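Please look over the sequence and the structure before reading the points.

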Amino acid sequence: MFKTFSRNWMPVLFVCLAALLLHVDGAAAAKRVALLIGNEKYEATSPLNNPANDVQLMKSSFEDAGFDDVTTVHDVDRASMVRALRDFEDKAAGAEVAIIYYSGHGMEMNGQNYLLPVDVSLKTDKDVEDEAIPLDRVQRSLEGATRLKLVILDACRNNPFEQSMTRSISTRAVSRGLARVEPESADLLVAFASKAGTVALDGEGKNSPFAEALSKYLTEPGVDVRIALGKVRDEVVAATNRGQEPFVYGSLGGAQIFLNIREININVTSGGDTQQVSPTGQSEAAADWQNIRDLADKDLIEVFLAKHGSDPVYKMLAEKKLKLLAEAEQTSAATPDEIAWDALKQSTDAAALTRFLERYPDSKHKAEAETQIAALEPKKGLNISLTGKDTQASRDCYLLAGEPQSMPGFLGVNFLKIDSSRAMTACAQAVNENPDDMMLVNMLGRAHDAGRNYVEARRNYQKAADGGNMYALTNLAWFSVYGTDGPVDVEKGRQMFEQAANAGNSYAQASLGWLYREGYGGVRQDFAEALKWYQVSADQGYANAMATIGWFYREGNGVAKDFNHSLAWYRKAAEAGDANAMSSLGWAYQNGLGTTQDYLEAKKWYENAANVGDSYSMALLGWFYDVGNGVPQDYGQARNWYEMAANAGSAYAMGNLSRLYDFGLGTKADAKEAARWAAASVEGGDPAKLQEMKASPNNFTPAFRKEIQALLKDRGFYSGPLDGEFGAATQNAMERLAKKS
């Protein structure tokens, strides 16, 4: 019953369901507009080579992406440039997305940025404000857009007037490139071709390196704009041999934003009955369900059913949720946000709380949800100032995708709990703000990894590992161990674990310990070597390693069995926030291992683990109420806990729900519902329920037995009579049901 250390693989929706619903149903109504300005033929200085070509390239990109209106202007004087901005200001009003792309000369003076029309002469610094266009004026043209305001400046070329201008005031500084900006407007990003104080390159081809990268990535289908801009940066850095590094300033909210609306439904297409399965056998449906199960939202559940209706277990869970919502509507005046909040008000899941805020932005519980999210920072031990990158995006990235124990006392996020869509947007923005922070790059890799975008996950892991981040190297090692995106190469993974472990990384040390403990993939099983690495990791405060040492002492592998030592290690790990240790402590108190049997203490630790989303502990709490251990027997409470555990994926809980519905315990007897839960338990991988139905059919009511046969017949596994007799044909059908799952 102890859950061992392993690499956890659970995908999460690459495009969040809320975004899918919005774009699938509302794509036709979306209004996306762009203004492209190319200034090439300057009158008072030598012309530029590429702006006209760059504008044409971006025009094609935006039109191919389905933009409603793309306006281009070339070689404009100041009056014409102001007029173009004013006309675009009207188009941007009420638009969902508004973008201004500028290719030409720009300059910075006294910390202010200006774009240069073709008629500037700039004989003195006094002329700048009269002849040039301040960046603030450009930003003002976007103010009416509702979701994204984006300024793209391919304007960081060297200022040709810097040396010739007469300085009227000695303190008026004119510098290379453009100055850093801090946009005050909400939902505004300003993307520079090169970071503040540096210059961009025209390139040797017909387009600038920045424009080429923008055309390649900015409107890539299904890619959030922040992630796209990060890919642009990496491409330009590589293409210019680090001679130019694009930079993004500003911030957006948590929802993903895609610039390509022609192919936005690419991620809702289901491949027939084929489900993408992770290296540990967890389905995409399971992860997608985690993303919506805490929301009382019929629309999202119907989108989920459209995508995953071929998965019988999660189809059943979704249909059950729809039924409960329908019942709630009939018996209560509670609104959907009230129903959702009732399940979340004690939550410690930042991603779930963020989902609530995004789905119900006008809820009266908004302030409470925001307060809980803020309170999670100290609870998770998050002291972002330790990184020197104290920004909201960095905080969100750590809260949504942080490596466990990567900072002193920081709980981090279990891989299975990563909400990939939200983590990707937060971490992409954080990386855009701090591109040299390799931990942020690694966490962006984790977000992609959780979303099964293994190409991007590997790219970010590799970049972070090359920058010296040992967490990223360890994550890459797991790719080799499991063959995530290529052939299995356990030895290569072991060597990478060892490199990171020797560099002092506690995650790598525990991972190496796991390889030796399991004897995985041809690695020799060596409990002594495994325990050595777990001990080194535990000495650094890695909670999972502490819990695993507790397992070593409990099972007597590599050490003498010692329940007292086991209990001490589990307690230490539990106090450090490890959910497995909490549930193992509950098991120890429940069974009197290293302590006197104490059901109340066991219940306390199971509740602690359940509060951080541990389905195993939820199921055990259901069992406590089911049999009356340490609590008064209460089938209603048992059903509630079993349903919570089943929603979190516990096949054991599904099997117990089957019995409650079969005999009408804590609910109205319903043989059909009992049969569905039993089938879900078998399909979810619980061998005990399968064995019970085969070996002890009299444990079930006659009505249940007939309903199981009917279900097996509907699934195409059984063709015999519905007589409630579990003969050879029925048992073979049950085996086929189990094997198909």
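Ring pairs join Trp478, Tyr482, Phe497, Trp514 and Tyr520 into a cluster. The model is predicted. Across the whole structure, a search finds 22 aromatic pairs.

**Aromatic rings**

- Trp478 and Tyr482 have ring centres 5.6 Å apart and planes at 25°; planes under 30 degrees apart count as stacked, so this pair is stacked.
- Both Trp478 and Tyr482 belong to helix α18 (residues 470–482), where they are four residues apart, about one turn of the helix.
- Trp478 is buried, with a relative accessible area of 0%.
- Tyr482 has a relative accessibility of 13%, and it counts as buried because the cut-off is under 20%.

**A charge over a ring**

- Arg517 lies over the face of Trp551, at 4.5 Å from the ring centre.

**The sheet**

- An open sheet is formed by six strands, in the order β2-β1-β3-β7-β9-β10, with mixed pairing.
- The edges are β2 (69–74) and β10 (247–251). Each has a single partner strand, so one side of each is left without a neighbour in the sheet.
- From one strand to the next, the twist averages 10°.
- Strand β1 (residues 32–38) pairs with strand β3 (residues 97–103) in the parallel sense, over seven bridges.
- Gly38 stands opposite Ser103 in β3.

**A helix across the sheet**

- Helix α2 (residues 51–64) lies across β1, β2, β3 and β7 (148–154).
- The helix α2 runs at about 170° to β1.

Methods. Residues numbered from 1 in each chain as written. Predicted model: local features only at pLDDT ≥ 70, side-chain atom pairs only at ≥ 80, totals over all residues. Heavy atoms only, no water. Phe/Tyr/Trp six-rings, centres within 6.5 Å; stacked < 30°, edge-to-face > 60°. Helix = DSSP H or I, 4+ residues; strand = E, 2+ residues; numbered from the N terminus. Buried < 20%, exposed > 50% of the residue type's maximum accessible area, 1.4 Å probe, protein only. Lys NZ or Arg CZ within 6 Å of the ring centre and 35° of its normal. Pairing = 2+ DSSP bridges. Axes fitted to C-alpha atoms, helices over the stretch in contact; angles between N-to-C directions. Contact = heavy atoms within 4.5 Å.
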